[in-house]
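Here's a quick briefing to read alongside the structure. Keep the 3D view open and click on residues as they come up.

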There are 2 protein chains.
Amino acid sequence: MDDTALLSSKPTFADDKTVGIVGLGLIGGSLAKALKVNTANRVLGHDINPNVVKQALAEGVLDAALALSGTDSSTVQTAAPPAQLSECDMVLIALYPEATVDFVRAHWDKFKKGTVIIDCAGVKAEICTELSAEAAKRDLYFVGGHPMTGIERTGYDHSFAHLFSGGTMILCRDEHTNIIALKAAEMLFTGIGFLKITITSAAEHDRVIAFTSQLPHVVAGAFIRSETAKQQLGFSAGSYQDLTRVAFLNEPMWTELFMANRENLIEEIEGLRTRLEEYVQVLEEGDEQKMLALLAEGKQAKQQYG
Amino acid sequence: MDDTALLSSKPTFADDKTVGIVGLGLIGGSLAKALKVNTANRVLGHDINPNVVKQALAEGVLDAALALSGTDSSTVQTAAPPAQLSECDMVLIALYPEATVDFVRAHWDKFKKGTVIIDCAGVKAEICTELSAEAAKRDLYFVGGHPMTGIERTGYDHSFAHLFSGGTMILCRDEHTNIIALKAAEMLFTGIGFLKITITSAAEHDRVIAFTSQLPHVVAGAFIRSETAKQQLGFSAGSYQDLTRVAFLNEPMWTELFMANRENLIEEIEGLRTRLEEYVQVLEEGDEQKMLALLAEGKQAKQQYG
C-alpha cells in the first residue's frame, strides 16, 4: 500500500475513504455523526444492539451497516446491503477497553492490509501493548486514541455531531506506530472538530490521565457519598455542583478504566489524601499564615496548570 | 417602631427605604447595583477605598456616600453630601467575618432604632452569637446572611447587578430574630434576584457549609497542588477543570472563613479522606464488584443530593 494515499492535498483526512465505526454509543455515535456533518467519507457502523444500527441508518448517519462475522449475529437487514470490515480504510473502535482488545483479536484477518485502526478507550497501556506490535506484523496500522470529551450521558441517543468541538484528542505513539497513519488520524480528528491533538506514549497517557480524569471521578463520588450531602438542599454552591458533576457516571465503564490503571490511580488518590491532611494539620494548629500559604500555592497552581 | 412599616402591600421590600451598604467589593458592589436595577430604594455606600465610592457615585450606583465616624477617615467629598448611618432603614454589611463584627460593635450607637442589619459573611455562628442578642437589646434587628453566589473574582470592578440571579440566599434565625425583619430581608433578597431563600440556624449553616462550600475549596487546592498537574497540559478534561475551578480564590478571605469554622471543616476533610481510602482498598483488592458498588452509590447520591 502507498502510505501517502491516506493523505489528500488538503490538510485533512481524504474525503473519499471508507470509515468503519464499531460501537455506536455516545462516542461511536458522535463519531459517525461528526463524520457525516464534516466529511464526505463513506461511514459504516456496527453496534451490539441492532436497533441502534437501524436508527443510525434511518437518520442517514450511516451509509451502511458493518457486517461482522464470527460470534456476531446482529447484522441488520436493511435496504442498503451490509458492508464488510475489509472495505474500511480506517476503523474506529468505540468500545470498552477489554471489548476493544477482544474485537480486534477476533477480526485480525478481516481487515484489509493498510487499514488504520484507532481505538477510543480511556486507558491505553494494556490496549497498545496488546495490539500495536501485532497490527504492525500484519501490515495494519494501530493507533491508540482517547477523545477527552466525555459527558455524563451514555448511548447513541445522547450522541451528537459536535461532541468533539474544541476538545482534545490524545493519540499514542510507540516504536510500531506508522507515521503516515498517525498523521491521517490527526487530520481526521481535527476535521471533525477536535481543537487539540496530543501525541504521547501509552504509559504517559495512563499516568497523567489517572490524575486529570480518573481522580476527579473518584473524588466526585467520594465527596458526594457524605452523610452531610443528605442535608445540603438549600446550601448548595456552584463549587459543590461542579465538583460532584461526574459522580453521575457509567459505572461499568469506569470500573474497567480504574482497574486497568490501578497503580497510577492508587498513587494519585494517596497523593491527594496526603495533601488534604496538610489542610487538616494547619486547621488544627490554627495557623493562619500556613493556611494562606497553602491557598496561595493552590491559586498559583490553578493559574499555571489549570 | 411599627414593625410592619418595612413591608409594602406588594410582596417586596418597600421601595422607598434607605439601604446602606458597608463594603463595596464583589458582594457589596453587586448588592448596590442590584438594588439600583431592581428597586427604587435610596442606596448609600461605604468602602475603605474612597476611590471605589467615587466610582460608584459617578456610575449612579450609589445615591450618596455613607459617612462613617470614628476610626473611619475615608469620607468622600462629592457633590452629593454624604449621608449618615442613622438615615438607613436597612444596612447590608459585605465585609469579612471579623471586620463585620468589628464594624457593628464600633457603630452600635449610630444606627437608628428599628434598623435591620444583615451581614453577608460565609460563616455565621461567631457573628450571630456576637451580634444577634446585643442588637435585640438595642432595638436593632440583626439577621445573619450568606449569599451563595461567589465567583472567582473579587472587588467592585468585578461586581455586577445580576450576580444573585437564580442564586440561594441563606438567612439565619435564632431566638432574638425579629420575624418582620426576617421577612423584610427575605423580600429584599428575592427582589434583587435570588431564586431561593434558605432559613436556618447559624450552627446548622456552618456545619453544612463546611461540606458544600468550604470542602470544595480545600479539595480544589489540594487537587491541583499535585506534581502531576505540571504535566497535565494536553490531557486536561472538563472534570479536572471543573473540580479545580475554585482553587483560584481570595486566600485571605477563605483563610478567615476556614479558621472560623475549623471543627466542622476538619470533620468534613477527614470524612472525605476516609471515603477516598475505600477506593484505594478496592483498587488494591482488584475487586470489580465492590468498585461497581462504590460508583453506583456515588451516582445515586448525585441524583438524589446533587
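**A first look**

D119(A) sits in strand β6 of chain A. Bear in mind that this is a predicted model.

**D119(A): tucked into chain A**

- Is D119(A) buried or exposed? D119(A) counts as buried, because its relative accessibility is 0%.
- Leaving aside its neighbours within four places in sequence, D119(A) is in contact with a whole list of residues, including I93(A), T100(A), K124(A), I127(A) and F142(A).
- That list also takes in V143(A), G144(A), G145(A) and H146(A).
- The chain brings D119(A) and L95(A) to a C-alpha separation of 7.7 Å, although they are 24 residues apart along the chain.

- T115(A) belongs to the loop between α3 (97–107) and β6 (116–119) of chain A.
- With 0% relative accessibility, T115(A) is another residue that counts as buried.
- Its side chain reaches the backbone oxygen of C88(A) at 3.4 Å.
- A polar atom of the T115(A) side chain also lies 2.6 Å from the backbone oxygen of K112(A).
- Not counting residues up to four places away in sequence, T115(A) touches C88(A), D89(A), M90(A), V91(A), D139(A), L140(A) and Y141(A).

**How the two chains are related**

- Two copies of a chain are related by a rotation about an axis and a shift along it.

**Where the chains meet**

- Chain B gives 88 residues to the contact, and chain A gives 88 residues.
- The size of an interface is often given as the accessible area lost when the parts come together.
- For chain B and chain A, that comes to about 8300 Å², with 67% of it on carbon and sulfur atoms.
- Across this interface there are 35 residue pairs in polar contact (both at pLDDT 80 or more).
- Which element gives the largest share of the side of chain B that touches chain A? It's α9(B), which supplies 18 residues.

**The nonpolar core**

- In soluble globular proteins, nonpolar side chains tend to be buried together.
- The largest nonpolar core has 66 residues, and the members that touch the most others are V219(A), I269(A), L276(A), V219(B), I269(B) and L276(B).
- Take L276(A): not counting residues up to four places away in sequence, it touches V218(B), V219(B), A222(B), I269(B), L272(B), R273(B) and L276(B).

**Salt bridges between the chains**

- Side chains of opposite charge can pair when their charged atoms come close.
- How many salt bridges cross the interface of chain B and chain A? There are ten.
- One pairs E278(A) with R225(B), with the closest N and O atoms 2.8 Å apart.
- Another salt bridge joins the side chains of D242(A) and R245(B) at 2.7 Å, N to O.
- D242(A) is in helix α7 (residues 238–244) of chain A and R245(B) is in the loop between α7 and α8 of chain B, so this pair joins two chains.
- D242(A) is partly exposed at 24% relative accessibility, and R245(B) is partly exposed at 22%.
- E251(B) forms a salt bridge with K299(A), where the closest N and O atoms are 3.1 Å apart.
- This pair joins two chains as well, because E251(B) lies in helix α8 of chain B and K299(A) in helix α10 (residues 288–305) of chain A.
- E251(B) is buried at 16% relative accessible area, and K299(A) counts as buried at 19% relative accessibility.

**Salt bridges within a chain**

- Over all chains, the structure holds 36 salt bridges.
- K36(B) and D63(B) meet through their side chains in a salt bridge of 2.9 Å, N to O.
- K36(B) is in helix α1 (residues 26–38) of chain B and D63(B) in the loop between α2 (50–58) and β3 (64–67) of chain B, so the pair ties together parts that are 27 residues apart in sequence.
- In chain A, a network of salt bridges links D109(A), E134(A), K137(A) and R138(A).

Note on methods:
Residues are numbered from 1 along each chain as its sequence is written. Chains are lettered from A and ligands numbered from 1 in the order in which they are written. This is a predicted model: local features need pLDDT of at least 70, side-chain atom pairs count only at pLDDT 80 or more; totals for chains, interfaces and linings use all residues. Side-chain values use heavy atoms; hydrogens and water are left out. A nonpolar core is a set of buried Ala, Val, Leu, Ile, Met, Phe, Trp, Tyr and Cys residues joined through side-chain atoms within 4.5 Å. Buried means under 20% relative accessible area, exposed over 50%, partly exposed in between (1.4 Å probe, protein chains only). Contact means heavy atoms within 4.5 Å. Buried area is the accessible area (1.4 Å probe) that two parts lose on being put together, summed over both. A salt bridge is a side-chain nitrogen of Lys or Arg within 4 Å of a carboxyl oxygen of Asp or Glu. A polar contact is a pair of N or O atoms within 3.5 Å; within protein, one must be able to donate a hydrogen and the other to accept it, and residues adjacent in sequence count only if both atoms are side-chain atoms. Helices (H or I, at least four residues) and strands (E, at least two) are DSSP runs, numbered from the N terminus.
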